[in-house]
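Dear colleague,

I am passing on a structure for you to look through, and my notes on it follow below. Please open it first and keep it beside you while you read.

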Amino acid sequence: MKKYFYVFLVIGIVLSSCQSKKKKNPVVLSTEVPEAISKLQDSIAYSFAFVGCNRVGRHDKYVVKDADSSTANLSALKRIYNDVCSLSRKPDAFFFLGDLVVGETTNSDLDLQLKGWKKVYYDASKSPIASSGIEMIAIPGNHEMLYHDAASGNELPLNGATQTWLNNMGDFLPKDAKQAPGADNQLTFSLKRKNVGFVLMNTDTYNAAEVESQLPVEWVEKELDSLKSDTQIEHIFVMGHKPYYLGQSPQTGHAGIADSASSLWSKMEGVEALAMLSAHAHTYVPSQIDEKVHQIVAGNGGSPLDSHDKTCPETFGYCIVNIKTDGSVSLISKGYAPGVPCYTPVPQNKMVEQSPIELNWTLN
């Protein structure tokens, strides 16, 4: 009898302990998670995503069976769009930083491919991006502005490419954009959103001299001064397909725009711009120059990855920048391991988030 008494006594103590623990951890916890998410969302005043380089390789365009003729890496594009649209706090804008299509041939080829890209964007069966409320803003890259000269092996300016882009991609040039003067400078413009100022550059502006990366630098620098003097603007970003890079980058093997815009970086420092955001190199490389302006290369949108820098994560994805109400600004990169070849769907490879980077100047 004593044996049963002790068994019941132990059971009673265990049950009592469980009840006690339940009282210390009330069900209120289940409502704290959405409340925390709500507070986080409320702390973000403005948010934007950005990436570039989603086109497939030059030879891949003959292999990919794409009825839209977009020459985009559709598996990566759909995955990025869908992930952006699934965020609990969707970004206010999405900046596509060039090389959306393979291009680099003729205006008729470019026209066909851009039409295909636009068709994909508006196709609800591929993603909800067009109806998401996210503002899509796109600028061209070298694949949209240049042609590949077979004789020399060089990329040369394609006359008429600016108008071909405008004919197809006018939906993604904001109506309130302040454009640089001149017929071939229209794809360089400035923009204001809440307390954020943007200068977006066509880093492969057409020029008859057949030289790459000719920019309306003087106009860009004046716009940066204007944003700096605007009392409503607290943060400034510069964007372009090509990064700045002083000469040839040891990280990626690509050259930047320094040769044609040698004074621009000092101007970005002068107005205390937070970052130069770009693509061109098919990788994700965050850096900070002299502990002042950040340079973020996010050319990992789906084009065959560069492998010059083995320290960089080999992922397809995008970046998102959150401007918070307390004045702080953070950047998060999201990505997944791609398949082989690059346009192969790999739903089993999870989209993961890297540690945030605080975008600020670290010098006193």
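What follows is a description of the sheets, the cores and one lysine.

This is a predicted model, in which local features need pLDDT of at least 70 and side-chain atom pairs count only at pLDDT 80 or more, while totals for chains, interfaces and linings use all residues. Residues are numbered from 1 along each chain as its sequence is written, and side-chain values use heavy atoms, with hydrogens and water left out.

Helices (H or I, at least four residues) and strands (E, at least two) are DSSP runs, numbered from the N terminus, and two strands pair if DSSP finds at least two bridges between them. Strands of a sheet pair through backbone hydrogen bonds, either parallel or antiparallel.

I begin with strand 1. Of the 8 residues of strand 1 (residues 44–51), 7 are buried, so the strand is largely enclosed by the rest of the structure; buried means under 20% relative accessible area, exposed over 50%, and partly exposed in between (1.4 Å probe, protein chains only). Strand 1 pairs with strand 13 (residues 316–324) in the antiparallel sense over 6 bridges, where Phe-48 has Val-321 as its bridge partner. With strand 2 (residues 93–97), strand 1 pairs in the parallel sense over 4 bridges, and there Val-51 is partnered by Phe-96.

An open sheet is formed by 7 strands in the order 6-7-8-9-10-12-11, with mixed pairing. Its edge strands, each pairing on one side only, are strand 6 (178–179) and strand 11 (284–288). Strand 9 runs parallel to strand 10 (residues 275–278) and is joined to it by 3 bridges, with Met-276 in strand 10 as the bridge partner of Val-238.

A nonpolar core is a set of buried Ala, Val, Leu, Ile, Met, Phe, Trp, Tyr and Cys residues joined through side-chain atoms within 4.5 Å. The largest has 72 residues, and those touching the most other members include Phe-48, Phe-50 and Trp-117. Helix 3 (residues 74–86) gives the largest share of this core, 7 residues. Apart from it lies another core of 23 residues, among them Trp-219 and Met-276.

Finally, Lys-242 lies in the loop between strand 9 (235–240) and helix 8 (264–270). Why does Lys-242 count as buried? Its relative accessibility is 3%, and therefore Lys-242 counts as buried. The side chain of Lys-242 makes a polar contact (a pair of N or O atoms within 3.5 Å; within protein, one must be able to donate a hydrogen and the other to accept it, and residues adjacent in sequence count only if both atoms are side-chain atoms) with the side chain of Asp-204, at 3.0 Å.

With kind regards
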